Amino acid sequence: MVKPLLDYLTDYVNIRITQASHCPTAMPVSLSLLFPLTAPRCALRWALAALLMASALPALPARAASQAAPNAALASAPVTASDHAARASLDGVVEAVRQTTLAAQVPGAVVALPVKAGDSVRAGQVLARLDARAAEQDAAARAAQVRAAQATHDAAAREVERQRQLFAKNYISQAALDRAEAQYKATQAETAAQRAGASAARTQSGFYVIRAPYAGVVADVNVVLGDMAMPGRALLTVYDPAALRVRVRAPESVAAAAAAMTPQQISIRLAGESAQLHPAAFQWLPAADPGTHTRELRLALPAGWIGARPGQFAQVELPAQPSIRRGSGGSSGISAQRLYVPAAAVVRRAELTAVYVVGQGGKPLLRQVRLGPAAGDRVEVLAGVAAGERVALDPQAAARVR
């Protein structure tokens, strides 16, 4: 295409040279600035303009080729599928089997708080103290009343003993003896009542001291010194780290398919942990949630497992019936195939995890994905891509393609 244009321009320049006295003025402004409009230079101006246009023509296809080069040179790899037994991937959370929220039974200001979140405590250790001055004074008063009642009872006991001796010698009447015995029994009952009141006062004063119900770890402290504690208001949370479990909610279809599973068929991966583990035992709760149509599954973690903590995210895989593989538009959570992409193709930007999927015309498009466990130089994709799609191996190069 370039050679015919050059021939045409050559013939046109030759004609203009022979008509130098009739030089046209219809020339681009950029060329007129380079070559002033004077009759002696008219033929030279047109010749140089033709040469500039001819030199620019070969650069046009080269520029177009340079723009198409990144698309053609973009390396990609297909999304591969591996056949495995049907598995259901569920999200769960770690929780303590024993976790207690401690609250005060009586009102009072917090005057001592010797522990903080994360501290290990012993059974019976003091966790908080409330202002118990009024309760202690009441208990002291009750104790004094007990001593007074006991003294009256002792005097009545000696008096009834003398009256019995006198009655045996016929010195007093039966009525006098009966009055002495009644007085003795009354003082005995009064003493018992005062002792019970004193015991209740001591028990009441004990409510102003918050103690650990068992050995564990303080998970949270909800008050500070000077706060007013009220009955029912949470003060501290304590849990037992020796007994943890993972709680997940599974669809009813998954629960029916996994009814006969064993602990060895269940795999658990905790957030921040690379190793998988199997539960020591599991339990399906009998009732289903009518709103979500799911059932709760509780998986007991092995005793002594280090690194698990309440609230930690956990991914659980269960045996399940095969279903249609999820595509880029959604996720069913169950599949007979597992999809993998090269680890180099994964893009991580803050909380976004994605890959560049090469679409029609070789143009890469960023698509968010949900990743599973890594397998060597490949990463399992739980949702976001379909088998056979191609992903860019160099995300940085793919991002530059327009």
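Here are legends for a few close-up views of this predicted model.

**View 1. Helices H5 and H6 pack against each other.**
Here we've zoomed in on H5 (residues 133-168) and H6 (residues 174-206), whose axes come within 8 Å. They cross at roughly 160°, and since angles over 145 degrees count as roughly antiparallel, that makes H5 roughly antiparallel to H6. As for handedness, the crossing of these two helices is left-handed. Sort the residues in the H5 contact with H6 by class and you get 15 nonpolar, 13 polar and seven charged.

**View 2. Four strands form an open sheet.**
Reading across, the strand order is E7-E6-E4-E9, and the pairing is antiparallel. E7 (209-211) and E9 (228-229) sit at the edges with a single partner strand each, so one side of each has no neighbour in the sheet.

**View 3. A closer look at where E4 meets E9.**
Strand E4 (residues 108-112) pairs with E9 over two bridges, in the antiparallel sense. Look for Ala-109, which stands opposite Met-228 of E9.

**View 4. The largest nonpolar core has 26 residues.**
Val-246, Ile-268 and Leu-318 are the residues with the most contacts inside this core. At least two core residues come from each of these elements: strands E2 (80-96), E11 (244-251), E12 (267-270), E14 (294-300) and E15 (313-319), plus helix H7 (252-257).

Note on methods
Residues are numbered from 1 along each chain as its sequence is written. This is a predicted model: local features need pLDDT of at least 70, side-chain atom pairs count only at pLDDT 80 or more; totals for chains, interfaces and linings use all residues. Side-chain values use heavy atoms; hydrogens and water are left out. Axes are lines fitted to C-alpha atoms, for helices over the stretch in contact, and angles run from 0 to 180 degrees between N-to-C directions. Angles under 35 degrees count as roughly parallel, over 145 as roughly antiparallel, 65 to 115 as roughly perpendicular and the rest as oblique. A crossing is left-handed if the near helix is turned anticlockwise from the far one by less than a right angle, and right-handed if clockwise. Ala, Val, Leu, Ile, Met, Phe, Trp, Tyr, Cys and Pro count as nonpolar, Asp, Glu, Lys and Arg as charged, and the others, Gly among them, as polar. Two strands pair if DSSP finds at least two bridges between them. A nonpolar core is a set of buried Ala, Val, Leu, Ile, Met, Phe, Trp, Tyr and Cys residues joined through side-chain atoms within 4.5 Å. Buried means under 20% relative accessible area, exposed over 50%, partly exposed in between (1.4 Å probe, protein chains only).
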